[in-house]
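Please look over the sequence and the structure together before reading on. The briefing begins with the whole chain and then turns to selected parts.

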Amino acid sequence: MSMFSNHLKAFVLAVRLMSTFPLPALKDEAEYFEAHQNPQAKLVAIPSYFPWVGLLIALVLYVLSRFLERTSLSFYPLVIGAVLFATSLILTRMMHFDGLADVFDAAFGAHDFEKRSQILKDPHIGSFGVIAIVIASLVLVVGFDVLAKGQSTLELFFILPLSRVSATFAAFYLKPAFSSGLGKTMARKPGPHDLFVTILALVLGTYVGLYMYGVQAQALLLVVGLCLSALVPWIIQKAFGGTNGDVMGASIVVTEVLLFLLIFGFY
């Protein structure tokens, strides 16, 4: 398998896994996922392309926001923010919020790993999950609206890829909580090319999203954002003894909320 084919497959699988963009399934998709769990296999790590999915979502939301700014919806408070937020949920199948609800229900609803694991697998949502979803949704709706009204939605190119790095970090550096599932499938120590792919997405997103901030502000925001992207999944996984799909999803939402608040601090 050529290196280009390797990267293309990892990109397609990352997009199909993390979004609803209609890319066709690969013929050897199951085999690639299976080989991905083998540290000896010379494959491109799928999580290295998670930030690129964030860039794609940011592009769609940016174009949509520019269109909405030219309609009468711009005169109504929070409407554009709500539309952008709803679109982001559609583009991600709401799976990150599903992980957020499961993690908060489990983390605050039990005190031992076994009970928390049972709650994670429970399809029902509890009060802690509802509270987490409501708070995150309010912050993101307001955040999207503030950026759109200020004609600054380019910052989404910084926020959305960097929030996905939290899932990349969890897959690369945190141990899986279970012997199966997404945490186990995505777990893989990164090689130099994997780190290059991830860093390239962050550099591109920072340059496009923060080009009006100046070099010092760009560097500061990127460093703080990277610290958040590593710290959030590390803190969350401690409640479960490792990472899994729910931890990755919750980490993306929590990091995204914190990055919006970080950007607001620079306004």
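Predicted model: local features only at pLDDT ≥ 70, side-chain atom pairs only at ≥ 80, totals over all residues.

**The chain as a whole**

- The protein chain has twelve helices and zero strands, so that reading along the sequence gives the pattern α-α-α-α-α-α-α-α-α-α-α-α.
- The radius of gyration of the protein chain is 18 Å, close to the 18 Å given by the globule rule for 267 residues, and the chain is therefore as compact as a globular protein of that length.
- Taken along the principal axes, the box filled by the C-alpha atoms of the protein chain is roughly 55 × 45 × 35 Å.
- Of the 267 residues in the protein chain, 51% are buried.
- Among the contacts with a separation of 6 or more, 76% are between residues 24 or more positions apart.

**Helices α3 and α8**

- Helix α3 covers residues 50–68 and helix α8 covers residues 156–173, and their axes come within 7 Å and cross at roughly 150 degrees.
- Because angles over 145 degrees count as roughly antiparallel, α3 and α8 are roughly antiparallel to each other, and their crossing is right-handed.
- The residues that meet include Phe50, Leu55 and Tyr62 in α3, and Leu156, Phe157 and Arg164 in α8.
- The residues of this contact between α3 and α8 divide into 14 nonpolar, two polar and one charged.

**Tyr207**

- Tyr207 lies in helix α10, which covers residues 192–209, and Tyr207 is exposed, with a relative accessible area of 59%.
- Tyr207 and Phe157 are 50 residues apart along the chain, while their C-alpha atoms are separated by 8.7 Å.

Note on methods. Residues numbered from 1 in each chain as written. Heavy atoms only, no water. Axes fitted to C-alpha atoms, helices over the stretch in contact; angles between N-to-C directions. Helix = DSSP H or I, 4+ residues; strand = E, 2+ residues; numbered from the N terminus. Parallel < 35°, antiparallel > 145°, perpendicular 65-115°, else oblique. Left-handed = near helix turned anticlockwise from the far one by under 90°. Contact = heavy atoms within 4.5 Å. Nonpolar A, V, L, I, M, F, W, Y, C, P; charged D, E, K, R; others polar. Buried < 20%, exposed > 50% of the residue type's maximum accessible area, 1.4 Å probe, protein only. Rg over C-alpha atoms; globule rule 2.2 N^0.38 Å.
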